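Subject: Model handover

Hi,

Here is the structure for your files. My notes on a helix pair and a pocket follow below.

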Amino acid sequence: MTNESDFHSRQLCLNILSYTMGEEKVQKAFQKLLVLLAIVAIFVLAACGNSKDNTKEESPKESNAYSVEHAMGKTEVKDTPKRIVVLTNEGTEALLAMGIKPVGAVQSWTGDPWYDHIKDQMDGVEVVGIEHEINLEKIASLKPDLIIGNKLRQEKDYAKLSKIAPTVFSDTLRGDWKENFKLYAKAVNQETKGEEVLTAYDDKLQALKEKLGDQTNQEISFVRFMADKSRIYYTDSFSGIIFEALGFKRVPAQAELFKDNAKLGNLAVEVGKEVIPKMDGDVIFYFTYMPTGDDSALATEQEWTQDPLWKNLTAVQKGNAHKVDDVIWNTAGGILAANIMLDQVEEIFTK
């Protein structure tokens with residue numbers, strides 16, 4: 001019925017046009033009408049195509065999520081973090097070295113509240129406690145999108161921290177500090193930048209090693225004075241790792257102090273004055289730990305360095321016993337301190 005009706009309608013139109021325009025003109029007009037309809041159809045099809053393209057463009061963006069394997073397992077991070085809380089001093093230095101300022105960090109072991117060598121970069125950063133006594137409420141109030149901590153320091157708080165934000169823990173604070181740095185770079189999704197920072201450090205160390213030449217054949221000893229106790233620091237200490245990379249040797253007599261069951265492993269051993277003779281070496285570096293507001297370790301330093309056994313050490317008698325900054329050579333433990341330490345080593349051995 002519809003086709004018959006359409007036919008009669010068209011026929012009626014043609015008859016009318018024929019009457020008013022003549023048959024030849026009608027045919028031309030009808031052809032133009034067909035062309036016009038064809039053009040309209042093309043535009044309609046194009047519009048449909050654009051609609052499909054727009055639908056594709058408006059599809060959800062690819063996820064920027066990534067996962068990080070760490071000391072406590074695996075953590076999923078939704079996107080490159082913008083608000084980071086860091087719970088170790090060396091972790092703070094790692095972030096700063098990559099150009100990242102945390103929103104919160106644990107207080108430096110010395111300083112008010114930051115070490116002198118980082119305080120200019122820490123303006124506006126909130127204190128969230130100290131490494132072994134963090135403030136969970138303060139951390140939560142900062143609304144972080146990533147928390148970086150350490151198993152040795154904060155294992156008991158890991159579950160609570162993970163409820164606040166994705167949390168990544170390094171395993172220890174001993175040994176090769178560069179391994180922790182690599183983990184932190186991955187955690188903040190800045191592995192390329194992290195590699196650049198480490199490469200610059202390695203290049204600097206290698207250049208110094210070449211400059212020192214045969215001086216690296218010397219045997220080195222590290223001594224730390226603390227409140228009412230003294231330690232010999234060894235191969236897994238911050239300074240020990242750096243000097244080993246430079247090619248320096250260690251005092252053979254100290255090896256027997258670091259057995260498999262040593263309390264602190266190859267980090268350090270607490271000793272009495274009877275062990276002072278084993279502190280000797282071609283060069284001795286000693287540093288004194290003085291947390292903010294507590295200089296009691298100075299009394300330990302003075303007592304030991306005035307002892308006849310200390311004064312009788314070969315390195316002391318030859319003027320090769322150097323007092324150095326405890327923060328830079330031991331306590332800070334980060335890449336910024338490592339770079340400064342290389343500068344100080346160069347100054348000592350090339351002056």
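Helix 8 and helix 14 are roughly parallel (an angle under 35 degrees). Their axes cross at roughly 10° and come within 11 Å. Axes are lines fitted to C-alpha atoms over the stretch in contact, with angles from 0 to 180 degrees between N-to-C directions. Helix 8 spans residues 191-212 and helix 14 spans residues 335-350. Helices are DSSP runs of H or I, at least four residues, and strands are runs of E, at least two, numbered from the N terminus. The crossing is left-handed (near helix turned anticlockwise from the far one by less than a right angle).

This is a predicted model: local features need pLDDT of at least 70, side-chain atom pairs pLDDT 80 or more, while totals for chains, interfaces and linings use all residues. Numbering runs from 1 along each chain as its sequence is written, and side-chain values use heavy atoms, without hydrogens or water.

Now the pocket. A pocket is an open set of points on a 1 Å grid over the protein atoms alone, where a 1.4 Å probe fits, with protein on both sides within 12 Å along at least five of seven lines; lining residues have an atom within 4 Å of a point. The lining has 28 residues. Arg153, Leu173, Leu267, Asn330 and Thr331 lie nearest the centre. Strand 11 gives the largest share, 3 residues.

Best wishes

Terms used: Parallel < 35°, antiparallel > 145°, perpendicular 65-115°, else oblique.
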